[in-house]
Amino acid sequence: MHPFEDGNGRIARAIGALGLARLEQSAQRFYSMSAQIRRERNEYYAILERTQKGES
């Protein structure tokens, strides 16, 4: 989810992390979406591009 065409998704990752933390009902966070995306950056961008183009 990129709110702006030139966005980098920071807001979307923050909202996603907040949603997961609320779902877990935990004050501690044992994961980092940004760190995981960084580790799988090429795959993340490939999926993002396919999604934006409407491809499967």
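Glu40 sits at 34% relative accessibility, so it counts as partly exposed (buried is under 20% relative accessible area, exposed is over 50%, and partly exposed is in between, with a 1.4 Å probe and protein chains only). This is a predicted model, in which local features need pLDDT of at least 70 and side-chain atom pairs count only at pLDDT 80 or more, while totals for chains, interfaces and linings use all residues. Residues are numbered from 1 along each chain as its sequence is written, and side-chain values use heavy atoms, with hydrogens and water left out.

As for where Glu40 lies, the residue belongs to the loop that links helix 2 (33-39) to helix 3. Its side chain reaches the side chain of Gln36 in a polar contact at 2.3 Å. A polar contact here is a pair of N or O atoms within 3.5 Å; within protein, one of them must be able to donate a hydrogen and the other to accept it, and residues adjacent in sequence count only if both atoms are side-chain atoms.

Zooming out, the chain has 3 helices and 0 strands, which gives the pattern α-α-α along the sequence. Both kinds of element are DSSP runs numbered from the N terminus (helices are H or I with at least four residues, strands are E with at least two). Of the 56 residues in the chain, 12% are buried.

On to charge pairing: side chains of opposite charge can pair when their charged atoms come close. The structure holds 1 salt bridge, meaning a side-chain nitrogen of Lys or Arg within 4 Å of a carboxyl oxygen of Asp or Glu. The partners are Glu49 and Lys53, whose closest N and O atoms are 2.9 Å apart. Both belong to helix 3 (residues 41-53), and because they are 4 residues apart there, about one helical turn separates them. Glu49 is partly exposed at 41% relative accessibility, whereas Lys53 is exposed, with a relative accessible area of 55%.

Then there are the rings. The count comes to 1 aromatic pair. Tyr44 and Tyr45 have ring centres 5.2 Å apart and planes at 70 degrees, so they pair edge-to-face. Under the rule used, rings of Phe, Tyr and Trp (its six-membered ring) pair if their centres lie within 6.5 Å, with planes under 30 degrees apart called stacked, over 60 edge-to-face and the rest tilted. Tyr44 is partly exposed at 22% relative accessibility, and Tyr45 is partly exposed at 43%.
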